Amino acid sequence: MCSIIAYAGQRVAAPMLVQSLKRMEYRGYDSVGLATISNKHILVKKGVGKVEEVNKSLGLEKMNGSVGIGHTRWATHGGVTDTNAHPHQNCKNDIAIVHNGIIDNYSELKKSLITRGHKFRSETDSEVIAHLLGDFLHKKYDIKKAMINITKKLKGTYAFVAVFDDGTVAGARFDEPLIVGISKDGYFVSSDVLGFIEHTDKAIFLDNDEFVILNDNGHAIFNFDGSKVKKQVTQIAWELADAEKGRFAHYTLKEINEQKHTIINALFSKDSKLDEFCDVVAGAKRVVLTGSGSSYNAALIAKQLFSKYAGIHCEAVISSEFQYASGLLDKNSVLIAISQSGETADLLQAVKIAKASEARILSIVNTPTSSLARTSDLFLGINCGPEIGVAATKSFTAQLALIYRITEILSGQKLSLNRSDLERLVSKVLNDTKYIANIAEKIKYIGNIYILGRGLHFPVAIEGALKLKELVYVHAEGLPAGELKHGPLALMDENTTVIMLNPDDETYSDTLSNVHEIKARGASVIGVSNVNSNKYDNWIKIPKAKDILYPILEVIPLQLLAYHTALKRESNPDYPRHLAKSVTVK
Ligand code: AGP
């Protein structure tokens with residue numbers, strides 16, 4: 001997944017484009033590039049690396065012109081090279097394009113373009129867009145017509161923006177997010193509202209099969225068949241400050257610390273749709289939960305809570321596996337889709353499959369303006385503000401908090417604590433973390449880490465392992481502690497490190513005997529619990545609390561452990577290698 005930004009207006013484009021790309025860099029950080037128009041000439045500068053580095057080495061923000069496009073790349077087709085970086089141009093260099101998504105039929109398009117004399121410079125799928133547009137405009141210089149023609153040809157998922165040497169900007173969207181920002185001195189086109197949040201809170205969200213043209217007459221939006229579309233202007237709720245690191249060294253640490261507020265906000269959400277959401281769930285013949293990564297781990301916890309407290313038995317299906325699970329849904333079913341970004345391609349595909357079986361689509365999402373929120377029959381916001389660190393932290397605990405609230409309404413039982421107690425408990429976990437950095441020092445070079453838990457702690461164990469995988473690049477595995485003797489015990493020896501989730505709830509004594517079994521094989525154990533044990537080599541203390549709250553209280557130290565261990569290994573926790581914040585390609 002990549003980030004796209006464009007500006008056309010009265011101001012010098014490059015400095016703004018560079019700032020926007022810095023803010024959206026969590027979407028992809030393999031390479032960066034800009035194209036600007038000056039005196040009817042397109043200037044392109046691009047290179048491998050982060051925005052800061054490439055801007056410094058190539059002077060991106062010094063490029064002239066009040067019209068321009070920019071891109072940060074998350075490589076899918078073609079290696080991480082300067083040539084494969086975007087923008088890409090056509091043979092006559094009078095067009096430059098940036099693209100997010102995958103053009104499935106790019107090789108056949110490329111072949112036919114080469115037979116017509118086009119010369120390709122990169123290995124990317126995206127470059128075909130520049131040559132195709134050039135081909136259409138060569139026949140007749142009509143940008144609207146060219147956009148209609150190219151959207152007929154392209155297969156796959158795409159959001160692309162093209163700039164033409166006459167200063168026109170055009171962008172199209174099919175299964176990848178694209179948003180127009182309307183400011184007092186010009187227009188932005190961006191993959192994400194964060195791309196222009198500094199300049200305006202007025203946005204137009206393109207829907208699938210729509211394209212926009214920006215030129216001296218202002219902006220116009222069309223369907224792929226060329227018919228004009230009247231679009232609503234949306235006021236964006238997020239503010240710039242939400243997207244800044246503030247006093248924190250990293251977004252990840254800032255977002256971990258924001259949990260003292262975000263958990264409370266989600267648990268005491270005043271969303272007017274909550275009751276309607278729960279009525280639909282309670283009235284459904286079948287309920288299926290889906291999500292990817294951390295959102296799937298939250299779905300696993302929802303499955304246990306809905307069943308245990310409300311007697312509603314659900315399936316939880318990983319979104320990327322959904323297409324292979326046929327016959328799951330029908331018109332009496334409900335799909336609950338969980339996502340931070342609301343743009344994850346696997347999840348949006350699962351929603352498409354569910355819609356085709358006439359199931360109702362409910363969603364729990366952080367980005368209220370996302371594709372998921374806009375395609376759902378009903379969505380609930382977790383409202384934890386923009387999450388920029390690639391690792392989900394505050395969004396995961398806010399998802400859990402909202403799931404607790406839904407469970408309370410479905411079961412008619414008061415399950416969790418009052419506001420002040422919860423604030424106290426979360427602050428307590430967040431405040432004494434210094435020793436976690438010491439534990440990070442001890443585990444920084446360990447190659448295999450197993451996180452074990454029972455019941456609600458098992459999905460948290462998977463989540464903790466995911467944080468270690470994505471931030472520390474270590475083989476970490478979340479396992480149900482009860483499965484130990486059925487195989488994983490064979491992995492235990494003096495070189496093995498195990499993190500045991502073991503608060504004193506219904507799982508405590510069985511899990512403690514697992515600790516004994518593991519210690520008997522010489523492995524070292526880090527206990528996460530409100531009760532210490534002389535079997536722990538290290539103890540991560542969490543406060544005594546209601547059983548249902550332990551999943552929230554125990555995942556925070558696991559987030560911090562991954563964060564500090566990443567620092568100890570000198571990797572940047574905000575931009576883990578090979579990953580991106582929301583994965584908008586399948
Ligand atoms: C989690 O830390 C990862 N960033 C990733 O697994 C993420 O949870 C997954 O891609 C789902 O993203 P979403 O919640 O935005 O749909």
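Guide: A residue is near a molecule if one of its heavy atoms lies within 4 Å of it. Keep in mind that this is a predicted model.

Visitor: Thanks! Which residues come nearest to the ligand here?

Guide: The shell around the ligand holds 14 residues, and Ser295, Ser339, Thr344, Lys467 and Glu470 come nearest. By class, that shell has four nonpolar, eight polar and two charged residues.

Visitor: Which side chains place an N or O atom by an oxygen atom of the ligand?

Guide: For a polar contact, look for a pair of N or O atoms within 3.5 Å. In this model, side-chain N or O atoms of Ser295 and Lys467 each lie 2.6 Å from an oxygen atom of the ligand. Ser341 has a polar side-chain atom 2.7 Å from a ligand oxygen.

Visitor: How much of the ligand's accessible area does the protein cover?

Guide: On its own the ligand has 410 Å² of accessible area, and the protein covers 91% of that.

Visitor: How many bridges join β2 and β3?

Guide: Eight bridges link β2 (residues 31–38) to β3, in the antiparallel sense. Within this pairing, Val32 stands opposite Gly47 in β3.

How values were computed:
Residues numbered from 1 in each chain as written. Predicted model: local features only at pLDDT ≥ 70, side-chain atom pairs only at ≥ 80, totals over all residues. Heavy atoms only, no water. Polar contact = N/O pair within 3.5 Å; in protein donor to acceptor, adjacent residues only side chain to side chain. Areas by Shrake-Rupley, 256 points an atom, 1.4 Å probe, with all protein chains shown as cover. Nonpolar A, V, L, I, M, F, W, Y, C, P; charged D, E, K, R; others polar. Pairing = 2+ DSSP bridges. Helix = DSSP H or I, 4+ residues; strand = E, 2+ residues; numbered from the N terminus.
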